[in-house]
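Subject: A structure to look at, and what was found in it

Dear colleague,

Please find below the structure that I would like to hand over to you. Have a look at it first, and then read the notes that follow.

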Amino acid sequence: MYKKQMKLQRVICLCALIVAALVFVYSLGMLTDLYDSLYPMMRNPDNLEETDVPGSIIYYDMQPFNHQLLIASIALILLATLLFITGTSSRRKYYVGNYFATCVNVIAEVAVAIWAHLQIAAFKTQFVTTLDFDALEMWSSIWETPNLTASSTFWFDAHYLVFALVLLAAALLTLNVIWKRRLMRGEQALLAGKAA
């Protein structure tokens, strides 16, 4: 039973690292479509009120959040590597460092997922309700830039998958610790029975 658990714990720790890297890639790509379509519509980046397309300020509104998400994704990657540094991915018995690494990862993953979801959902609402899509269509044909429509919400919607995977990684890390503790208790009971 220990062999199965140890193989799975290695896979789970690797999944936590991969999911953190996915959040990093998502944060890099999130503003791509908005930049291509909306940045050229801003006549004067020093005065964000001067725009050909009302509502295109969303591109600038999202910049601070995007920067914070990038930092959070790097933090998730570093925390996931902590699982390997402490031996959580390969240790037969868990010690305080292993529990600490797992707990910090789970808390960070859940916190980032909830925070990012709330922010992205609000920005999606802003995108759909305040952007003048008719003006954008007209200016996109003139400037020959990509045209966004109210249904062009791929990067907003992709966060559901990305952060569902983050929450899944947190759940798997938690289940791994519970399984590990049961196996360790069973082993201690068996050793105590042999000693008696």
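What percentage of the 196 residues of the protein count as buried? The figure is 40%, where buried means under 20% relative accessible area, exposed means over 50%, and partly exposed is in between, with a 1.4 Å probe and protein chains only.

Before going further, please keep in mind that this is a predicted model, in which local features need pLDDT of at least 70 and side-chain atom pairs count only at pLDDT 80 or more, while totals for chains, interfaces and linings use all residues. Residues are numbered from 1 along each chain as its sequence is written, and side-chain values use heavy atoms, with hydrogens and water left out.

The overall build

The protein has 7 helices and 0 strands, where helices (H or I, at least four residues) and strands (E, at least two) are DSSP runs numbered from the N terminus. The radius of gyration of the protein is 23 Å, well over the 16 Å that the globule rule gives for 196 residues, so the protein is more spread out than a compact globule; this radius is taken over C-alpha atoms, and the rule is 2.2 Å times the number of residues to the power 0.38. Along its principal axes, the C-alpha trace spans about 85 × 30 × 25 Å.

Of the contacts in the protein with a separation of 6 or more, 79% are accounted for by residues 24 or more positions apart, a contact meaning heavy atoms within 4.5 Å. The accessible surface of the protein comes to about 10800 Å², and 68% of this surface belongs to carbon and sulfur atoms; such areas come from the Shrake-Rupley method with a 1.4 Å probe, and for residues only the protein chains shown count as cover.

The cavity

Rolling a probe the size of a water molecule over the atoms shows where empty space is left. A search of the whole structure finds 1 cavity of 30 Å³ or more, a cavity being a set of points, on a 1 Å grid over the protein atoms alone, where a 1.4 Å probe fits but cannot get out. About 60 Å³ of space lies in the largest cavity, with grid points joined across faces, edges and corners, and the volume taken as the space filled by probe spheres set on the points.

Which residues line the largest cavity? They are Met30, Asp33, Leu34, Leu148, Ser152, Thr153, Phe154, Trp155 and Phe156, lining residues having an atom within 4 Å of a point. Helix H2 (32-38) and helix H7 (154-195) each supply at least two residues of this lining, and H7 gives the most, with 3 residues. By class, the lining has 6 nonpolar, 2 polar and 1 charged residues, where Ala, Val, Leu, Ile, Met, Phe, Trp, Tyr, Cys and Pro count as nonpolar, Asp, Glu, Lys and Arg as charged, and the others, Gly among them, as polar.

Some single residues

Leu38 lies in helix H2 and is buried, with a relative accessible area of 0%. Not counting residues up to four places away in sequence, Leu38 touches Ser56, Ile58, Tyr59, Leu131, Leu136 and Leu148, and Leu148 is also one of the residues that line the largest cavity.

Helix H5 (residues 96-130) holds Asn105, and Val104 lies in helix H5 as well. Is Asn105 buried or exposed? Asn105 is buried, with a relative accessible area of 1%, whereas Val104 is partly exposed, with a value of 23%. Leaving aside residues up to four places away in sequence, Asn105 touches Leu76, Leu79, Ala80, Leu83 and Leu173. Val104 and Trp139 are 35 residues apart in sequence and 48 Å apart in space, C-alpha to C-alpha.

Ile74 is in helix H4 and is partly exposed, with a relative accessible area of 39%. In the loop between helix H4 (63-85) and H5 you will find Gly87, which counts as buried at 10% relative accessibility.

Finally, Glu144 lies in the loop between helix H6 (133-143) and H7, and Glu144 is exposed, with a relative accessible area of 73%. Phi of Glu144 is near 55°, a positive value in a residue other than glycine.

With best wishes

Key. On a 1 Å grid over the protein atoms alone, a cavity is a set of points where a 1.4 Å probe fits but cannot get out, and a pocket is an open set with protein on both sides within 12 Å along at least five of seven lines; lining residues have an atom within 4 Å of a point.
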